[in-house]
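Subject: Structure handover

Hello,

Here is the structure I promised to pass on. Please open it next to this message and read the two together.

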Amino acid sequence: MEKNLVIEVKGLSKTYKKGVKAVDDLNLSVKEGEIFGLLGPNGSGKTTTINSILDLLDYEQGEIILFDNKFKNKTDVKRNIGLVTQEVGVFDQLNVIENVTFFCGLYINDKATRDQYVKEAIELVQIQDYVKFNPKKLSGGLLRRLHIACGIAHKPKLIFFDEPTVGIDPQSRNHILEQIKQLNKDGATIVYTSHYMEEIEFLCDYIVIMDKGKIIANGTYDELIDKIELVEFIEIEYNNNFPDEAILEIKKMKEVVEVIKNDYKVVIKTNQDNKTLSKIITLLETHNIDYAKINSSKPSLNDVFLELTGKELRD
Ligand SMILES: Nc1ncnc2c1ncn2[C@@H]1O[C@H](COP(=O)(O)OP(=O)(O)OP(=O)(O)O)[C@@H](O)[C@H]1O
Ligand SMILES: [Mg+2]
């Protein structure tokens, strides 16, 4: 059975006053139950897309349908949406639990239910030990977690996370990613934006790669990787010398697309993983090349981005 669409965006365009075309004729749909990833470098239009979907911005063109138009009034739509904005926005006058209670209380009126939801949100992001803390006393990672609890405590069906891990340590980042997976398992549809391809690879069922306000590729991770002809990267860290004859010989192999050599490393990009690694090892031995490390890897979303735009995801 086809899954219900939670978000449908058709032909969305947004130009800011200063003439910047931030989103350019964008189409996308998000299915119920999925973790949908928007991946793109800084300024590619991720936040503008989210803010347009949420009606927080005026846009000049496009149609946006939420929850298949199931909810007749705006309050019901809002009640079912959670937003964890890119910038942390909590009240410094309120402590941790008061902040979560405030945001939850925007949608949940019944006190007993609200108290239970607040407790669950605080446990989910694991800030139980800090409930009486003032936000100013929290570390960056804990503050981010509080910010997340505020966005999700009312148990929305659809949650937007706009770069929730920027500027935090790896441990807190892993916590957050696990928590997002949990929210999804508990039934929420998730829209997640990031310029970190590793996070998108880890989390997302479906991925849209954006650049300059346009979609440059979309699909599952495997579908995106299939869009480029490269299938295997072989990296050799060599010790003394890597002779040019050996490079030439590698370049002649029919599956080799590109060979890049620098002072200590040779990278071979291939379009078939047809025992290339073992052929290369034999070649290294034939040429008596002394190497410290050899490694084979699959292309990443960054390689997809690089192939399609000619630049790296991260500058
Ligand atoms: N309020 C604004 N006024 C004018 N231009 C803006 C405004 N907000 C964003 N822009 C521009 O619109 C483009 C898209 O910005 P947007 O914030 O949507 O990108 P993003 O993908 O979310 O980037 P980041 O990863 O840095 O958050 C950029 O060129 C940005 O400079
Ligand atoms: Mg942004």
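**Overall**

Keep in mind that this is a predicted model. The protein has 315 residues, and 46% of them are buried. There are 11 helices and 13 strands. Along the principal axes, the C-alpha atoms fill a box of roughly 75 × 45 × 45 Å.

**The six-stranded sheet**

Start with the open sheet of six strands. Its order is β5-β6-β7-β3-β8-β9, and the pairing is mixed. The edges are β5 (81–84) and β9 (214–219). Each has a single partner strand, so one side of each lacks a neighbour in the sheet. From one strand to the next, the twist averages 15°.

Strand β7 deserves a close look. β7 covers residues 189–194 and runs parallel to β6 (residues 158–162), with five bridges joining the two. Within that pairing, I159 stands opposite I190. β7 also pairs with β3 (residues 35–39), again in the parallel sense and over five bridges. Here F36 is the residue opposite V191.

How many of the six residues of β7 are buried? Six of the six are, so the strand is largely enclosed by the rest of the structure. Buried here means under 20% relative accessible area. In a regular strand, side chains alternate between the two faces of the sheet. In β7, T189, V191 and T193 point one way. I190, Y192 and S194 point the other way. Both sets are buried.

**The three-stranded sheet**

A further open sheet is built from three strands. The order is β2-β1-β4, and the pairing is antiparallel. β2 (21–31) and β4 (61–66) are the edge strands, and each pairs on one side only. The twist averages 10° from one strand to the next.

Strand β1 spans residues 5–15 and pairs with β4 in the antiparallel sense, over five bridges. To find the pairing on screen, go to E8, which stands opposite I65 in β4.

**The ligand**

Now to ligand 1. Its shell holds 13 residues, and the closest are G43, T47, T48, Q86 and E163. By type, the shell divides into four nonpolar, seven polar and two charged residues. Which helix gives the largest share of this shell? That is α1 (residues 46–53), with three residues.

- G43: a polar backbone atom is 2.8 Å from an oxygen atom of ligand 1.
- K46: a polar side-chain atom lies 2.8 Å from an oxygen atom of the ligand.
- T47: here too a polar side-chain atom lies 2.8 Å from a ligand oxygen atom.

Taken alone, ligand 1 exposes 640 Å², and the protein buries 66% of that area.

**Where to look**

One is β7, with six of six residues buried and with β6 and β3 as parallel partners. The other is the shell of ligand 1, where G43 contributes a backbone contact, while K46 and T47 contribute side-chain contacts.

Best wishes

Conventions: Residues are numbered from 1 along each chain as its sequence is written. Chains are lettered from A and ligands numbered from 1 in the order in which they are written. This is a predicted model: local features need pLDDT of at least 70, side-chain atom pairs count only at pLDDT 80 or more; totals for chains, interfaces and linings use all residues. Side-chain values use heavy atoms; hydrogens and water are left out. A residue is near a molecule or strand if one of its heavy atoms lies within 4 Å of it. A polar contact is a pair of N or O atoms within 3.5 Å; within protein, one must be able to donate a hydrogen and the other to accept it, and residues adjacent in sequence count only if both atoms are side-chain atoms. Accessible areas come from the Shrake-Rupley method with a 1.4 Å probe; for residues, only the protein chains shown count as cover. Helices (H or I, at least four residues) and strands (E, at least two) are DSSP runs, numbered from the N terminus. Ala, Val, Leu, Ile, Met, Phe, Trp, Tyr, Cys and Pro count as nonpolar, Asp, Glu, Lys and Arg as charged, and the others, Gly among them, as polar. Two strands pair if DSSP finds at least two bridges between them. Axes are lines fitted to C-alpha atoms, for helices over the stretch in contact, and angles run from 0 to 180 degrees between N-to-C directions. Buried means under 20% relative accessible area, exposed over 50%, partly exposed in between (1.4 Å probe, protein chains only).
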